[in-house]
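Okay, hi everyone, thanks for coming. Have a look at the structure on the screen, and I'll walk you through a few parts of it.

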Amino acid sequence: MNLLETMKCAIFDMDGTLLNSMGMWAELGKDLIRSHGKIPAENVWYELKVLNAVETAQYLIKNYGFEGSVESVVEEIDDAAYRHYSTDLYLKPGAEALLKRLQELHIPAILATATDKRLVRSCLSRLKIEHYFTFVNSCEDFHTSKSSPLIFQKSAEMVGVPVSNAVVFEDALHAIRTAHNAGFPVVAVYDRAAEDSTEPPESDWRRILPMADITCANPGQILPLLQ
């Protein structure tokens, strides 16, 4: 794929793609379960990583006996994560340089994330990168998750770009599979979390490779393709 010719808009995942945050999320879920006096299953992160905020709350209520409403559990999760988004999570190498280059090329960048908007906005503001995005979308905006292509489709529609020219930047197996199956060109950004085997026996990264049009170790590796 000739990225410069194909891409009329760029749709970015946040966690694990632009932001080095997947390790935090893996531990946060386990810590929350422990705080409720339960022992997290060894593979609980594999279950949680494919869910949006509401689905995560429903899972914790059903499987770990969290008390309260779905809304209150979502709030508990968000409050636990907020400190990290507002203080100590940082971009992956080359992420801001890539966003700046897209802006120079007048290629709209849209953020499409499963993370709660409050967390997203606090992080984008702290890192001073919000101005690079034409739109900031979350799964909650469309009552969906990344097991459905809806957030990618809506993001492309917002800037009037067909699926074939809306390049999705993602790190997670389930999201890459969704985008690929829906006809989006995919740039797979490596994250250490992709060494997990959520669908054994192969690692997630091994499963990602055949679905990705381009792969990179970090966002900065894409810059030479945009010269």
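Let's start with two strands: β4 and β5 (residues 186-189) run parallel and are joined by three bridges. Before I go on, this is a predicted model, so bear in mind that local features need pLDDT of at least 70 and side-chain atom pairs count only at pLDDT 80 or more, while totals for chains, interfaces and linings use all residues. Residues are numbered from 1 along each chain as its sequence is written, and side-chain values use heavy atoms, with hydrogens and water left out.

Back to our strands. Helices (H or I, at least four residues) and strands (E, at least two) are DSSP runs, numbered from the N terminus, and two strands pair if DSSP finds at least two bridges between them. Across from Val187 in β5 you'll find Phe169.

Now zoom out. In what order do the six strands of the open sheet come? It's β3-β2-β1-β4-β5-β6, with parallel pairing. On average, neighbouring strands here are turned by 20° against each other, ignoring direction.

Next, the helices. α9 (residues 173-181) lies across β4 and β5, at about 170° to β5. α6 lies across β1, β2, β3 and β4, and runs at about 155° to β1. For those angles, axes are lines fitted to C-alpha atoms, for helices over the stretch in contact (heavy atoms within 4.5 Å), and the angles run from 0 to 180 degrees between N-to-C directions.

Which residues of α6 (residues 95-104) are buried? Ala95, Leu98, Leu99, Arg101 and Leu102. They sit on the same side of α6, because they cover an arc of only 160° around the axis; that arc is taken from the directions from the helix axis to the C-beta atoms. Buried, by the way, means under 20% relative accessible area, with exposed over 50% and partly exposed in between (1.4 Å probe, protein chains only).

Last stop: Thr115, in the loop between β2 and α7. Thr115 counts as buried because its relative accessibility is 8%. Its side chain makes a polar contact of 2.5 Å with that of Asp15. A polar contact is a pair of N or O atoms within 3.5 Å; within protein, one must be able to donate a hydrogen and the other to accept it, and residues adjacent in sequence count only if both atoms are side-chain atoms.
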